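Subject: Handing over a structure

Hi there,

Here is the structure I promised to pass on. Please have a look at it first, and then read my notes.

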Amino acid sequence: MTGSTPTTPVNCDFDFDPSIIAGKTAIVTGGASGLGEAYTRALHAAKANVVIGDLNAKTGSALAASLPGSIFVETDVTNWASQLRLFQRAEQEFRGVHYVVANAGIAPKDDVFAFSGPDTEPAEPDLRTIDVNIRGALYTAKLALHYAIKLNGTIPSPAQVDTCLILIGSGAAFLDCPRGPQYQCSKWGMRGVMHALRRTAGFYGGRVNVLSPWYVRTNILTQETFDAVEGVGVQMATTEDAGRALLRLLSDREINGKMLFIAPRKWSSRGYVDLDIDDYAGTQFHGGKLLEEIQEDQIKPGPVSLGLFAGSVGGGR
Ligand SMILES: NC(=O)c1ccc[n+]([C@@H]2O[C@H](COP(=O)([O-])OP(=O)(O)OC[C@H]3O[C@@H](n4cnc5c(N)ncnc54)[C@H](O)[C@@H]3O)[C@@H](O)[C@H]2O)c1
C-alpha cells in the first residue's frame, strides 16, 4: 500500500503462512524478556535472524545463546548512540534490517497523577515513561526508516524487499486507563506515529503496523496486578499469542497501517484481533464521513523529501 486508503480488517482467524519471514533480519528492542522475548522466539521459529537490543545483558545474552543465529546487543533505547550501535551491528552481521519491533517500554507509577498533599509544593514529575516509551520508540522509528531506505531507495518499485516497523501500543492506546497519563499518552502516541508513517512507508518498500496488548503476564506490572485481572474472570492472552500476532502482521506484505489487539480468547479466537478503529471508511459514528473526506481529499502521502505536509492538498500519489 503506497498511500492508498487502508482496506478491510486483517483476518486473524486462519492458519497463515509465515514463510516470507524466513531469512529476513529483525531487531527487537526490549527483546530479552517478557513480550519482547516472545517476539524474539516467534521470529526465530519463523527462521529470521534476530538481533535483541535490551538493557539487561545477562538475560539478553543467555536468550541469544539459546537461539542459534541470534545476537544480543546491550542497548538503552533512550540513548541515541546506543540504538545506533544496535542497528549498525545488525547491518554488519546480516547485511540489512527488514523488520523492527519497537517493543521496549515501561509502566512505573505515574508522578503526573501523584498528589503531593495540600501543604507541599508539587515536585517536578519524573517523565521516564515518556523517555523510554516515546523518545526511545521515535529513535527506533527513525532508524528503522533509515535502514529501510538504505535497502530499497526512495523510488517505489516491485523489486523492493519487504520491510516493516512494528510499534507497540496497548489497551491504553484506546481505552481509558485511569491514573497513568504518561503511559496512556505514550501508547496513544504509538498509534499517532503509525498514522504519520503508514502512507509514506510504502515509498520505501516498507510497512508500519501496531501491536496493542491488553494484559499479558510479564514483569511490567506487579504479579498482584495480573492476579487482580484474573480475579475478575479474565483469562489473559499469553506471550505466545503475542508472538503469533506479530508473525501474522509480518506474514502478509499487504498489511500496512493496521493495529492488532492482543486480547483474551473471550474476545478473540486466537488471542489477537483487528478492532478496525484506525480508519474512517464506512464509519458510522457522527463525524466519520467528514473525517474520511478530509483525509482522502486533503492529506496526500509523499516521500520523505517532500517534508511535513508538503504536497498534501492535491499532491502526492
Ligand atoms: N504485559 C502487558 O500486559 C502489556 C500490555 C500492554 C502493552 N505492553 C507493552 O509491551 C511492551 C513490552 O512489555 P513487557 O510486558 O514485556 O515488559 P517487561 O517489563 O516484562 O519487559 C520489558 C523489557 O524491556 C527492557 N527494557 C526496559 N527499558 C529499556 C530500555 N531503556 N532500553 C532497552 N530495553 C529496555 C527490559 O529490560 C525488559 O527486557 C511495552 O512496550 C509495554 O508497554 C505490555
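Two points on how to read them. This is a predicted model, in which local features need pLDDT of at least 70 and side-chain atom pairs count only at pLDDT 80 or more, while totals for chains, interfaces and linings use all residues. Residues are numbered from 1 along each chain as its sequence is written, and side-chain values use heavy atoms, with hydrogens and water left out.

**The largest pocket**

The largest pocket holds about 1,400 Å³ of space. A pocket here is an open set of points on a 1 Å grid over the protein atoms alone, with protein on both sides within 12 Å along at least five of seven lines; lining residues have an atom within 4 Å of a point. Grid points are joined across faces, edges and corners, and a volume is the space filled by probe spheres set on them.

There are 50 lining residues, and I106, A107, Y183, I220 and L221 lie nearest the centre of this pocket. By class, the lining has 22 nonpolar, 20 polar and 8 charged residues (Ala, Val, Leu, Ile, Met, Phe, Trp, Tyr, Cys and Pro count as nonpolar, Asp, Glu, Lys and Arg as charged, and the others, Gly among them, as polar). At least two lining residues each come from α1 (34-45), β2 (49-54), α4 (128-152), α5 (181-197) and α6 (223-231); helices (H or I, at least four residues) and strands (E, at least two) are DSSP runs numbered from the N terminus. The largest share, 4 residues, is from α5.

**The ligand**

Around the ligand there are 25 residues, with S33, L35, D54, Y183 and T218 coming nearest (near means a heavy atom within 4 Å). Y183 has a side-chain N or O atom 2.6 Å from a ligand oxygen, and a polar side-chain atom of K187 is 3.0 Å from an oxygen atom of the ligand. A polar backbone atom of L55 lies 3.4 Å from a ligand nitrogen. These are polar contacts, meaning pairs of N or O atoms within 3.5 Å; within protein, one atom must be able to donate a hydrogen and the other to accept it, and residues adjacent in sequence count only if both atoms are side-chain atoms.

**Helix α1**

With 12 residues, α1 reaches 17 Å from its first C-alpha to its last, close to the 16 Å expected at 1.5 Å a residue (the expected span is 1.5 Å times one less than the number of residues). L35, G36, A38, Y39, T40, A42 and L43 are buried in α1, where buried means under 20% relative accessible area (1.4 Å probe, protein chains only).

**Two side chains**

T75 sits in the loop between β3 (71-74) and α3 (80-94). T75 counts as buried because its relative accessibility is 3%, and a polar atom of its side chain is 2.7 Å from the backbone oxygen of V73. N133 belongs to helix α4 and is buried, with a relative accessible area of 3%. The side chain of N133 reaches the backbone nitrogen of I106 at 2.9 Å.

**The cavity**

How many cavities of 30 Å³ or more does the structure hold? There is 1; a cavity is a set of grid points where a 1.4 Å probe fits but cannot get out. The largest cavity has a volume of about 140 Å³. Its lining has 16 residues, with A144, L145, A148, L165 and R207 closest to the centre. α4 gives the most to this lining, with 4 residues.

Best wishes

Definitions and conventions:
Buried < 20%, exposed > 50% of the residue type's maximum accessible area, 1.4 Å probe, protein only.
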